[in-house]
Amino acid sequence: MELWYTEEHAKDVRFSIKVDKQLCSVQSDFQRIDVFDSKEFGRFLTIDGLVMITEKDEFIYHDMIVHVPMATNPNIKKVLVIGAGDGGTIRELSRYSTIEKIDMVEIDKVVVDVCKEYLQQTACGFDNEKVNLYFEDGLKFVKTKENEYDLIIVDSTDPIGPGEGLFTSDFYSNCYRALNENGILVNQHESPYYSEYAKAMKRAHKRIEEFFPICKVYQVHIPTYASGHWLFGFASKKFDPISDLNEEAWNNLKIKTKYYNTDIHKGSFALPNYVKDLL
Ligand code: AG3
């Protein structure tokens, strides 16, 4: 007998991973959370039947969501992270001794508890003493802040279910207000490839453009996400991710990364024409 995890990437397309063992399955107040073990991808976390991270490819996502803004402005000191319950984003932020404070707001404590138990590779991020962890709705949290952060990272689920509010104009305008004059906002931005994902991506990009003068999109390859072609949104009040990239300062930090380097940084903002046409 074989056990397979199968996810629908588009109406007529499915992606499967052979599973050695299901380690956990819980229904929280917000969503269904599962952890599986596999030979090809190691342990992996799914939420509402969508892969969030696998041990084998999470480095790509977390390197790119964190090091791109950090290399653009090496003086980032105050960071707000929304979502990111697996801990991978704060693990990468922890590599910067220059960061003074990280507020992390995750709506679902059960995600953090499950990851602490089964996914130590990312959950080790929670050990950082600079991190203040809030189990709250990120939407409400950000409303109460003004002129406070240098960087906001939105490491959310898709815009269906608890993540929905994190793709609204209201939320983006509150992020703008919560950021100081150096502010950068990075969002996980869905995929440009299959039409349902592309629609969500385009809508989010247009909404962010309503508030931020600099608004770019950069791409990565994540093998376990729909189509493998994934985007992040980079929005900011004054920093341009290419012309302000401080290669020397970042390279001098000697942070050891498996995916990110400053060439990848520059290259990831070069977009295929079909993606440019969507924006
Ligand atoms: N955040 C989820 C990205 C979206 C995944 N969506 C999907 N597979 N359809 C990942 C959490 C990493 N910290």
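Modeller: By class, the shell around the ligand holds eight nonpolar, three polar and three charged residues. Here Ala, Val, Leu, Ile, Met, Phe, Trp, Tyr, Cys and Pro count as nonpolar, Asp, Glu, Lys and Arg as charged, and the others, Gly among them, as polar. This is a predicted model, where local features need pLDDT of at least 70 and side-chain atom pairs count only at pLDDT 80 or more, while totals for chains, interfaces and linings use all residues. Residues are numbered from 1 along each chain, and side-chain values use heavy atoms, without hydrogens and water.

Of the 14 residues around the ligand (a heavy atom within 4 Å), Val51, His62, Asp86, Asp155 and Asp158 come nearest. Strand E6 (50-54) gives the largest share of the shell, four residues. Helix H1 (58-72) supplies at least two. Strands (E, at least two residues) and helices (H or I, at least four) are DSSP runs, numbered from the N terminus.

Now the polar contacts (N or O pairs within 3.5 Å). A polar side-chain atom of Asp86 is 2.5 Å from a ligand nitrogen. For Val51, a polar backbone atom lies 2.9 Å from a nitrogen of the ligand. In Tyr61, a side-chain N or O atom is 3.2 Å from a ligand nitrogen.

Methods. Polar contact = N/O pair within 3.5 Å; in protein donor to acceptor, adjacent residues only side chain to side chain.
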